[in-house]
Amino acid sequence: MYISSASLTFHIPHASSLKDKRQIARSVIEKTRHKFNASVAEVDDMDNHQRLTIGICLVANNASYSQKCIEQIIRFMEEIANADLVDVQIWQD
């Protein structure tokens with residue numbers, strides 16, 4: 001069993017309130033959950049309206065498949081988010 005996880009941090013310059021941020025977060029999280037079989041959640045920066053940190057975790061039976069899926073999810077989130085991706089951290093076990 002292989003576990004891959006990642007943390008993505010986005011900067012949302014046009015968000016003027018937490019409501020704006022939550023709208024973007026909800027959209028990105030739900031679309032990602034729908035397309036991929038992975039756990040996705042907002043994990044940090046809850047009170048900062050221009051910064052969004054999303055965590056991803058998935059389990060697979062193959063290390064290379066797990067890594068490939070994480071990379072696909074990151075690319076997908078970067079494309080659909082109406083924000084700038086500023087940091088990515090990936091962990092594999």
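Which side chain meets that of E30 in a salt bridge? The partner is R33, with N and O 3.1 Å apart, a salt bridge being a side-chain nitrogen of Lys or Arg within 4 Å of a carboxyl oxygen of Asp or Glu. The model examined here is predicted, so local features need pLDDT of at least 70 and side-chain atom pairs count only at pLDDT 80 or more, while totals for chains, interfaces and linings use all residues. Residues are numbered from 1 along each chain as its sequence is written, and side-chain values use heavy atoms, with hydrogens and water left out.

E30 and R33 both belong to helix α1, three residues apart, about one turn of the helix. Helices (H or I, at least four residues) and strands (E, at least two) are DSSP runs, numbered from the N terminus. An α-helix has 3.6 residues a turn, so residues three or four places apart point the same way. E30 is partly exposed, at 42% relative accessible area, and R33 is partly exposed as well, at 40%. Here buried means under 20% relative accessible area, exposed over 50%, and partly exposed in between (1.4 Å probe, protein chains only).

The search of the whole structure finds three salt bridges. Another of them joins the side chains of E42 and K21, also at 3.1 Å from N to O. This pair links distant parts of the chain, with E42 in strand β2 and K21 in helix α1, 21 residues apart. K21 is buried, with a relative accessible area of 2%, whereas E42 is partly exposed at 21%. R51 forms a salt bridge with D45, the closest N and O atoms being 3.3 Å apart; R51 is partly exposed, at 35%.

The buried residues of α1 are K21, I24, A25, V28, I29 and T32. They lie on the same side of α1, because they cover an arc of only 120 degrees around the axis, taken from the directions from the helix axis to the C-beta atoms. This buried side packs against β2 (39-44), β3 and α2, while the face turned away from it carries the exposed residues K19, Q23, R26 and H34.

The largest nonpolar core has 25 residues, among which F10, I54, I56 and M77 touch the most other members. Such a core is a set of buried Ala, Val, Leu, Ile, Met, Phe, Trp, Tyr and Cys residues joined through side-chain atoms within 4.5 Å. Two or more residues come from each of β1 (2-11), α1 (18-35), β3 (51-60) and α2 (63-80), and α2 gives the most, with six. Beyond residues up to four places away in sequence, M77 touches L8, F10, V28, T32, V40, I54 and I56, contact meaning heavy atoms within 4.5 Å.

Strand β1 also holds S7, which is buried at 16% relative accessible area. Leaving aside neighbours within four places in sequence, S7 is in contact with T53, I54, D87, V88, Q89 and W91.

Finally, the count of disulfides comes to zero, a disulfide being a pair of cysteine sulfur atoms within 2.5 Å. The sulfur of C57 is 12 Å from the closest cysteine sulfur, in C69, too far for a bond. C57 is partly exposed, at 32%, whereas C69 counts as buried, at 10%.
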